[in-house]
Amino acid sequence: MVDLHTTNILLGIMAAVSVLEALLVIGMGIGGFIAYRRVMQLVADLEGRQIAPLREKVDAILLDVKSVTARVSQQSERVDHAISGTMERVDETADRVRSSVRDKVAQAVGVVRGVRAILVSILHHDSRPKPPATAAGRA
């Protein structure tokens, strides 16, 4: 038969190894937790020393950009309004000039037509053959 003493020794060794494994797993868990705490403390310190001031600078830059963007938008609206007003005035001026020139040209055309009519009338009058003298007028 099987010797119980050998079996008991093997079972004792297996129990001891299981206890050692359990202690090793617990030790690794505690070591992992300590490493996690140290890393988180390092991250918090790094964030406090490096990231917080950098974030403040970025926030300040973003505020400046927002301010500049608002000013540029306001100035572009003013320029757009000024250009629109200028274009309207230019259109009005062009209409007035066009109307004034049209009136002056119409007057000049009227005068030229009148002079032409007079010249045609005079030239047409002079170019008419004179009626021949009748025999009754000779006698």
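**The nonpolar patch**

Modeller: V19, L20, L23, I26, I30, F33, I34, Y36 and M40 form a nonpolar patch on the surface, and together they have about 910 Å² of accessible area. A patch here takes residues with over 30% relative accessible area and no salt bridge; nonpolar side chains (Val, Leu, Ile, Met, Phe, Trp, Tyr) are joined within 5 Å, like charges within 9 Å. Accessible areas come from the Shrake-Rupley method with a 1.4 Å probe, and for residues only the protein chains shown count as cover.

This is a predicted model, in which local features need pLDDT of at least 70 and side-chain atom pairs count only at pLDDT 80 or more, while totals for chains, interfaces and linings use all residues. Residues are numbered from 1 along each chain as its sequence is written, and side-chain values use heavy atoms, with hydrogens and water left out.

One of the patch residues, L20, lies in helix α1. L20 has a relative accessible area of 57%, so L20 is exposed (over 50%; buried is under 20%, partly exposed in between). The chain has two helices and zero strands, taken as DSSP runs numbered from the N terminus (helices H or I, at least four residues; strands E, at least two). Buried residues make up 1% of the 139 residues. The accessible surface of the chain comes to about 13000 Å², and carbon and sulfur atoms hold 66% of that.

Methods:
Buried means under 20% relative accessible area, exposed over 50%, partly exposed in between (1.4 Å probe, protein chains only). A salt bridge is a side-chain nitrogen of Lys or Arg within 4 Å of a carboxyl oxygen of Asp or Glu.
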